[in-house]
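Let's take a friendly walk through this model together. Please have the structure open as you read.

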Amino acid sequence: MKNRKNKKHQNFNPVQDLFEVLRDDLSRTDLVQSVKREIGELKEFMLDEGRKRELESMNTGRQLFVVPWWLLKGMFYKLVPVRRLLVVAGVALFLWTPQQNPGEHQMQIAGAVLILLVLMLELKDKLLAHEELAAGRVVQQALMPERTPAVPGWDLWIFTRSANEVGGDLVDFIRLGGNRFGAVLGDVAGKGLSAALLMAKLQATIQALVPDSPSLSRLGQNLNRVFCRDCLPKSFASIAYLDFQSGSGTVRVLNAGHIPPIVFKRGRVSEMAKGGAALGMTHRATYHEQRVSLGPGDFVLVYSDGVVEARNGQGDFFGDHRLFDLVKGMPQQISPEKAGEKILASVDRFIGSAKAYDDLSVVILKRKE
């Protein structure tokens with residue numbers, strides 16, 4: 001065992017390992033697409049709407065000079081004061097030319113080291129943030145229900161996929177006692193950590209209020225009251241809540257600002273009526289219960305805007321028409337899981353190598369045959 005470890009240690013060659021890593025990076029088939037995507041994301045993050053409008057009026061030649069300057073300027077001002085000073089000192093030393101000993105480059109080396117130090121500090125911050133978001137993702141996934149909960153008389157499939165490390169979409173399954181159950185899909189405005197925190201708050205509020213709400217309309221009013229009271233100004237969330245029982249084909253629906261669910265009934269596809277205002281939009285919002293009766297083989301599909309607003313590399317949206325055509329072509333006997341996977345595969349094919357800009361969530365509730 002000891003000899004094997006020594007041999008492994010002797011074979012360790014950091015220069016060779018570095019070249020192997022770089023070789024693997026250069027051999028990637030999506031290298032060009034990755035570079036374009038990274039530059040696009042950098043421009044999206046660093047440039048405000050005014051700068052973007054200015055770019056539209058410029059020719060390509062001018063953009064090649066203006067965009068790098070804007071990006072460097074934007075990144076410089078986003079640094080903390082100490083790091084800005086280090087960058088200025090590093091650039092000054094790197095550009096300084098010695099007068100007495102032109103062959104010595106200690107100042108240039110010192111300047112390069114200062115700039116490298118700032119890059120390392122920024123990388124350290126990013127890695128720490130990434131670790132914290134990864135830990136948040138683990139917690140968020142632990143709060144999610146199982147993908148196919150067992151419900152007598154029903155087949156249920158629940159899915160969510162975040163565009164970033166953590167997401168603002170909510171999917172949940174609630175056992176209300178006896179033969180009554182609930183499933184909810186929500187979408188908190190915004191992205192990233194702030195949306196994820198509001199999502200966790202909304203999930204806890206729904207679980208607390210649902211069992212004791214005398215009606216879905218009252219549930220909507222209570223959720224809106226809590227959301228308006230406890231959340232940040234201008235923050236809002238949409239939800240579609242399904243309430244169903246094991247011995248009945250009737251599904252009661254509360255829609256608060258969400259995309260109307262799709263109903264697949266006897267081979268025909270329709271869209272439910274629009275609901276009330278999104279939670280947090282106004283204190284005076286009112287909500288009404290909707291109902292849909294499903295026979296054996298019928299199902300209701302609830303989805304987030306991450307499905308229909310998925311974009312490909314050309315900026316085209318997946319759109320409602322593609323989703324409706326996809327659902328129309330599904331056989332009556334298809335399971336919710338297979339139907340959901342078919343939707344996801346179609347969206348992924350449409351996106352291709354483009355980056356996902358929004359969370360994607362789907363809930364499908366089907367009456368067993």
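## A buried glutamine

Let's begin with a single residue. Gln-290 counts as buried because its relative accessibility is 15%, and the cut-off for buried is under 20%. Please keep in mind that this is a predicted model.

Gln-290 belongs to strand β9. Through its side chain, Gln-290 reaches the backbone oxygen of Ala-273 at 3.2 Å. Leaving aside residues up to four places away in sequence, Gln-290 touches Val-251, Arg-252, Val-253 and Asn-255, as well as Met-272, Ala-273, Lys-274 and Gly-275.

## The five-stranded sheet

Now to the sheet that holds β9. Five strands make up this open sheet, in the order β3-β4-β5-β6-β9, with antiparallel pairing. At its edges are β3 (169-175) and β9 (289-293), each of which pairs on one side only. On average, and ignoring direction, neighbouring strands here are turned by 20 degrees against each other.

Within this sheet, which strand does β4 join through nine bridges? The partner is β5: β4 covers residues 180-188, β5 covers residues 237-245, and the two run antiparallel. As a landmark on this pairing, look for Asp-187, which stands opposite Ser-238 in β5. Helix α8 (residues 192-209) packs on the sheet and touches β3, β4 and β5. The direction of α8 makes about 20 degrees with that of β3.

## The six-stranded sheet

There is another sheet to visit. Six strands form it, again open and with antiparallel pairing, in the order β1-β2-β11-β10-β7-β8. Its edge strands are β1 (150-151) and β8 (268-271), and each pairs on one side only.

At the β8 end, four bridges link β8 to β7 (residues 262-265), and these two strands run antiparallel. Val-263 has Ser-270 in β8 as its bridge partner. Helix α11 (residues 319-328) packs on this sheet, where it touches β7, β8 and β10 (299-303). Its direction makes about 155 degrees with that of β10.

## Another helix to find

Which strands does helix α12 lie across? Helix α12 (residues 336-351) lies across β2 (154-161), β10 and β11 (360-367). Relative to β2, α12 runs at about 25 degrees.

Terms used. Residues numbered from 1 in each chain as written. Predicted model: local features only at pLDDT ≥ 70, side-chain atom pairs only at ≥ 80, totals over all residues. Heavy atoms only, no water. Pairing = 2+ DSSP bridges. Axes fitted to C-alpha atoms, helices over the stretch in contact; angles between N-to-C directions. Contact = heavy atoms within 4.5 Å. Buried < 20%, exposed > 50% of the residue type's maximum accessible area, 1.4 Å probe, protein only. Polar contact = N/O pair within 3.5 Å; in protein donor to acceptor, adjacent residues only side chain to side chain.
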